[in-house]
Amino acid sequence: MPTGRAAPESQRWKALLFISIAQLMVVLDGAVMNIALPSAQQALHFTDGSRQWVVTAYGLAFGGLLLVGGRIGDMVGRKRTFLIALAGFAIASAIGGLAVNAAMLLLARALQGVFAALLAPAALSLLSLSFTQPRERAKAFGVFSAVSIAGGAVGLIVGGLLTQYLNWRFAMFVLVPIAAIGILGASRTVHDDGERHRARLDLPGVLLASSGLVGLVYGFGVAESRGWSAGVTIGSFTAGVLLLATFVVVQARVTSPLLPLRVLTERNRAAAYLSVGLAIVSMFGMFLLLSYYFQQVKGWSPVLAGLAFMPMAVPQAIGATQIGARLAHRIAPRPIMVGGYLVTAVGLALLASLDADSGFLEIAFAEAVIGLGIGTAFMPAMSISTHGVEPKDAGVASAMISSSQQVGGSIGTALLNTIATSSAATYLVSHGGPAARVQERNEALMHGYSVAYWVAVGFVVAAALVSVAMVNAGAPKDVPTPTDALGDVTPVPVH
C-alpha cells in the first residue's frame with residue numbers, strides 16, 4: 001500500500017472544493033440540457049425521435065459504464081481517472097456546443113456520459129478516502145451531498161438563463177470552464193494514496209454489467225414514449241434483469257470480480273444504495289412534474305420556472321451541511337435518514353394538495369420542506385455508501401451509489417410522468433372530454449400531478465422503511481489516526 005504523506009488539513013478542504021465542482025458539473029449537465037433541448041432541436045432541425053436520443057445517449061453511457069468507471073479508478077488511480085475524466089468531459093461539451101447536426105450532438109452527449117461514468121465514482125471515492133474522521137467526514141459529505149442534490153435545481157435556473165438570454169450552445173459551453181477550474185485546482189490539491197486494485201479488469205463482468213444497466217435505463221427511457229406494454233419496453237427490461245442476474249452469478253465465481261459481492265452484502269452500504277435509489281425516484285419525477293406545473297399551468301417563462309426551484313435548493317443545502325452534517329458526528333445515521341425521508345414525504349404530500357390557483361408561498365413552503373428533508377437524509381446516506389469498504393474497492397463502491405441515482409432517476413422520470421399523464425387523461429375524459437376548457441384542462445393536469453405525488457410519497461416512505469430495517473451503524477467516535485500517512489490508514493467506519 002502506498003505510504004505517501006497525507007495532505008495537510010487545509011489542502012484537503014481545498015480538494016473538497018474542486019471535487020464538489022466536478023460533481024456539480026455532472027449534475028448540472030443533465031438539468032441544463034433538458035431546458036436547452038427544445039431550442040437545440042429548432043436550431044439543428046432534428047426530429048422528436050432524435051430529441052429523445054439526445055437525453056437517452058447520455059443516460060445510457062453514464063448508467064451503463066458506472067461500475068466499469070469505478071473499477072478503472074481503483075486500478076489506475078482515482079486522481080488520474082478524475083483528471084482525465086474532467087478533461088474528456090470538457091472536450092465532449094465543446095463538441096456539443098459546436099454541433100452542426102443531430103449526429104454530432106448525439107456523439108457529444110454519449111461522450112459526456114462516458115466521462116461522467118469515470119468522474120462520478122472517482123470523485124466520491126477520493127472524498128471517502130480523504131476524510132476518515134467522523135466529524136470532518138460529516139462536514140465533507142454534507143457539502144458534497146448539498147452540491148449533488150441542489151445542482152439539479154441550479155441547473156434548471158442556469159439552463160433557463162442561458163437559453164433565454166444567450167443561446168442553447170452555451171448550455172454545453174458553460175461546462176468547459178467549470179471543468180478547467182476543476183483540473184487546475186484538483187491537480188494541486190487532490191491526493192490519492194489509497195490502495196489500488198491490482199488484478200486485471202473482469203471483462204465478462206464489464207460486458208454483463210454494462211449491457212444489463214443499459215437495458216434497464218433504456219427500458220425506462222422508452223416506456224415514457226412507447227408505453228409500458230410495448231414490446232421494446234418489456235424486451236429491454238427482461239434483457240436488463242437477466243443480464244444483471246447473470247452478472248451477480250458470475251461475480252460470485254470469478255477470482256477478480258468487477259463488483260465484489262462483499263461491497264453489496266454489508267447491510268449499511270446496501271441500505272444506502274437502496275434507500276437513495278427509492279428516494280431519487282421521487283425527486284427526479286417531482287422535478288419534472290414541477291417544471292410542467294410552472295410552465296404549463298402557471299404559464300411562467302423558463303427563467304421564472306427555474307428560479308421557482310430556489311425555495312427547494314437553499315433548504316437542501318441547509319439540510320445537508322447544517323442539520324445532517326451536525327447530527328452525523330453526534331448520533332447514529334439511521335434516525336437522521338429516517339427523519340429526513342419522512343419530512344420529505346410530508347413535503348411531497350403538500351405538493352399533492354396544490355391546485356392551479358395555489359400561491360407562490362404555498363408552493364415555496366412545500367418545496368422548502370422537501371429540500372430540508374432530502375438534504376438531511378442524503379448526507380448520512382452518501383457517507384455510509386462507502387461504509388467500511390476496503391480502499392481498493394472504494395471506486396466500485398462509489399459507483400454503486402451513482403448507479404442507484406441513475407437508475408432511480410430513470411425510473412422516476414418515466415414512471416411518475418406516465419402516472420401523471422394517464423391520470424390526467426382519465427380525469428379529462430370523465431369531466432370535460434376533448435373540448436374541455438382551459439380551466440378543466442388545468443384541473444385534469446393538477447389531478448394527474450397529485451396522483452403522481454402520492455406515488456412519490458410512497459417511494460420516500462419505502463426509503464425510510466429500508467433505513468429502519470437495514471441501517472445499524474452506531475454513533476460515530478473520533479479515533480486518532482495511528483500514522484500521518486493517509487495510505488497507511490484504513491478509513492474509519494462512520495460507527
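**View 1. The structure holds 9 aromatic pairs.** Rings of Phe, Tyr and Trp (its six-membered ring) pair if their centres lie within 6.5 Å; planes under 30 degrees apart count as stacked, over 60 as edge-to-face and the rest as tilted. The model is predicted: local features need pLDDT of at least 70, side-chain atom pairs count only at pLDDT 80 or more, and totals for chains, interfaces and linings use all residues. Residues are numbered from 1 along each chain as its sequence is written, and side-chain values use heavy atoms, with hydrogens and water left out.

**View 2. F287 and F309 form a tilted pair.** A pair of aromatic rings is described by the distance of the centres and the angle of the planes. For F287 and F309 the centres are 5.4 Å apart and the planes stand at 45°, so the pair is tilted. F287 lies in helix α11 (residues 267-297) and F309 in the loop between α12 and α13, so the pair ties together parts that are 22 residues apart in sequence. Helices (H or I, at least four residues) are DSSP runs, numbered from the N terminus. Both F287 and F309 are buried, where buried means under 20% relative accessible area, exposed over 50%, and partly exposed in between (1.4 Å probe, protein chains only).

**View 3. Y293 and Y449 form an edge-to-face pair.** Their ring centres are 6.5 Å apart and the planes stand at 85°, so the pair is edge-to-face. The pair links distant parts of the chain, with Y293 in helix α11 and Y449 in helix α17 (residues 438-470), 156 residues apart. Y293 is buried, with a relative accessible area of 2%; Y449 is also buried, with 4%. Ring pairs link F287, Y293, F294, W300, F309, F360 and Y449 into a cluster.

**View 4. R71, D74 and R78 are joined by salt bridges.** A salt bridge is a side-chain nitrogen of Lys or Arg within 4 Å of a carboxyl oxygen of Asp or Glu. The structure holds 2 salt bridges. In one of them, the side chains of D74 and R71 meet at 3.0 Å, N to O. D74 and R71 are 3 residues apart in helix α2 (residues 48-76), so about one helical turn separates them. D74 also forms a salt bridge with R78, the closest N and O atoms being 3.1 Å apart. Through shared partners, R71, D74 and R78 make one network. D74 and R71 are both buried; R78 counts as buried at 0% relative accessibility.

View 5. Helix α9 (residues 231-251) has 21 residues and reaches 30 Å from its first C-alpha to its last, close to the 30 Å expected at 1.5 Å a residue. The expected span is 1.5 Å times one less than the number of residues. The buried residues of α9 are T233, S236, F237, G240, F247, V250 and Q251.

**View 6. A nonpolar surface patch covers about 640 Å².** The patch is made by L304, L307, M310, V314, I318, I323, L327, I331 and L372. Helices α12 (302-307) and α13 (310-328) each give two or more residues to the patch, and α13 gives the most, with 5 residues. L327 is in helix α13 and counts as partly exposed at 33% relative accessibility. Patches are made of residues with over 30% relative accessible area and no salt bridge, nonpolar side chains (Val, Leu, Ile, Met, Phe, Trp, Tyr) being joined within 5 Å and like charges within 9 Å.

Terms used. Accessible areas come from the Shrake-Rupley method with a 1.4 Å probe; for residues, only the protein chains shown count as cover.
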